[in-house]
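Please look over the sequence and the model before reading on.

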Amino acid sequence: MASSPSQVPVGVDPTRPSIARIYDGFLGGKDHYEVDRAVMRKINEAVPEAVDIARGNRGFLNRACRFLANQTTLGQYLDCGSGLPTAENTHQIVQRANPEATVVYVDNDPVVLAHGRALLEENEFVHMTEADIFDPSKVLDNEVVRRHIDFAEPLVLLHVGTMHHFEGDGAAAVMRRYIDALPSGSYVVFSHFFDPEVPELTEVAKRIENILVHGPMGAGRFRTRAEILEMLSGLELVKPNAVSEPGLAACDEWWPDGPRLAPLSLAAQCIVGAVGRKP
Ligand code: SAM
């Protein structure tokens, strides 16, 4: 049974905002409607630098894909909650290193699926399919996933910017089902809205969470370090940068492209990423 609003696909209902369209809007995309812009305006009024969350998340996704494509021999990527196509999508990054890497994108937003099928399936190694990513068996047993991903061989599972839209206490159980299905040597790329449990930052996180959870979206949780780590149990997390121990890091601090010239905004500190290997 659906317990998170996004498990019911937004369809063509013009009164329901879409996570995919709002996120894409923050990244500069054009596929948003008035109902999405109303949510974006509210978020921007509450936290003017909220855009740093979306940008930080997408930058992390890109660098994590580049890292895995260049430094492992893994050739299959299962991207859950892939979002609207932007300039640098998973297959474009990983196929630069490995032109025959297989990428299966999974989403349930009709706009994502339409654009995805048109723009992402640009070669025979890229596929897009529809499934509820909060119901792991729907993804793991999906026909397209099964046809193109070999679960006997290590793979990369991406759950980037997705699980914060899951409502309730079962987020760790959802991720456990996915991680259990991965063969040894697989990697998980993961990011999540973060409550750093520092009053000034928690305040920022709560301002956005209130709009998302108590508005028409009905979901968007900023979880604590312990709650997020619980979703990644069973994985060996890699070092997120030269100075930190293995674990979570603010997305912008996960192996950034260069030295930081300006401090991170408060919002940028409210989203974390991690890459983990299944032993
Ligand atoms: N992973 C991309 C990234 O990090 O750039 C996009 C993240 S976007 C914030 C979240 C995506 O998850 C959206 O495209 C949305 O449609 C999808 N999504 C949310 N709930 C879903 C569900 N229950 N089943 C399938 N897709 C879902």
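## Helix α2 and its cover

Among the elements that cover the buried residues of α2 are α1 (19-26) and α9, where contact means heavy atoms within 4.5 Å. Helices (H or I, at least four residues) and strands (E, at least two) are DSSP runs, numbered from the N terminus. The model is predicted: local features need pLDDT of at least 70, side-chain atom pairs count only at pLDDT 80 or more, and totals for chains, interfaces and linings use all residues. Residues are numbered from 1 along each chain as its sequence is written, and side-chain values use heavy atoms, with hydrogens and water left out.

Helix α2 (residues 34-46) has 13 residues and spans 18 Å from its first C-alpha to its last, close to the expected 18 Å at 1.5 Å a residue; the expected span is 1.5 Å times one less than the number of residues. Its buried residues are Val35, Asp36, Val39, Met40, Ile43 and Ala46. Buried means under 20% relative accessible area, exposed over 50%, and partly exposed in between (1.4 Å probe, protein chains only). An α-helix has 3.6 residues a turn, so residues three or four places apart point the same way.

## Helix α1 and its ends

Helix α1 is mostly covered, with six of its eight residues buried. These are Ala20, Arg21, Ile22, Asp24, Gly25 and Phe26. Their cover includes α2, α3 and α5 (110-119).

At the start of α1, a side-chain oxygen of Ser18 comes within 3.2 Å of the backbone nitrogen of Ala20. Just after α1, Gly28 has a positive phi of about 100°.

In the segment before α1 is Pro9, which counts as partly exposed at 38% relative accessibility. Pro9 touches Arg16 and Asn108, leaving aside residues up to four places away in sequence. Pro9 and Asp109 are 100 residues apart in sequence, but their C-alpha atoms are 5.7 Å apart in space.

## Ligand surroundings

The ligand is surrounded by 22 residues, the closest being Ser6, Tyr23, Arg58, Gly81 and Asp107.

The side chain of Tyr23 has an N or O atom 2.6 Å from an oxygen atom of the ligand. For the side chain of Asp107, an N or O atom is likewise 2.6 Å from a ligand oxygen atom. Gly83 places a backbone N or O atom 3.3 Å from an oxygen atom of the ligand. A polar contact is a pair of N or O atoms within 3.5 Å; within protein, one must be able to donate a hydrogen and the other to accept it, and residues adjacent in sequence count only if both atoms are side-chain atoms.

## Aromatic pairs

The whole structure holds four aromatic pairs. Rings of Phe, Tyr and Trp (its six-membered ring) pair if their centres lie within 6.5 Å; planes under 30 degrees apart count as stacked, over 60 as edge-to-face and the rest as tilted. The ring centres of Phe67 and Trp254 are 5.8 Å apart and the planes stand at 70°, so this pair is edge-to-face. It links distant parts of the chain, 187 residues apart: Phe67 is in helix α3 (residues 51-71), and Trp254 is in the loop between β7 (249-250) and β8 (271-277). Phe67 is partly exposed at 23% relative accessibility, whereas Trp254 is buried at 1%.

The rings of Phe193 and Phe222 have centres 4.5 Å apart and planes at 15°, so the pair is stacked. Phe193 lies in strand β5 (residues 187-193) and Phe222 in the loop between α9 (199-214) and α10 (225-231), so the pair ties together parts 29 residues apart in sequence. Phe193 and Phe222 are both buried. Ring pairs also join Phe60, Phe67 and Trp254 into a cluster.

Ala64, in helix α3, is buried with a relative accessible area of 0%. Leaving aside residues up to four places away in sequence, Ala64 touches Val189, Trp254 and Val275.

Asn241 is in the loop between β6 (236-237) and β7 and is buried, with a relative accessible area of 9%. A polar atom of the Asn241 side chain lies 3.2 Å from the backbone nitrogen of Val243. The side chains of Asn241 and Ser244 are joined by a polar contact of 2.8 Å. Beyond residues up to four places away in sequence, Asn241 touches Ala249, Glu253 and Trp255.

Technical notes
A residue is near a molecule or strand if one of its heavy atoms lies within 4 Å of it.
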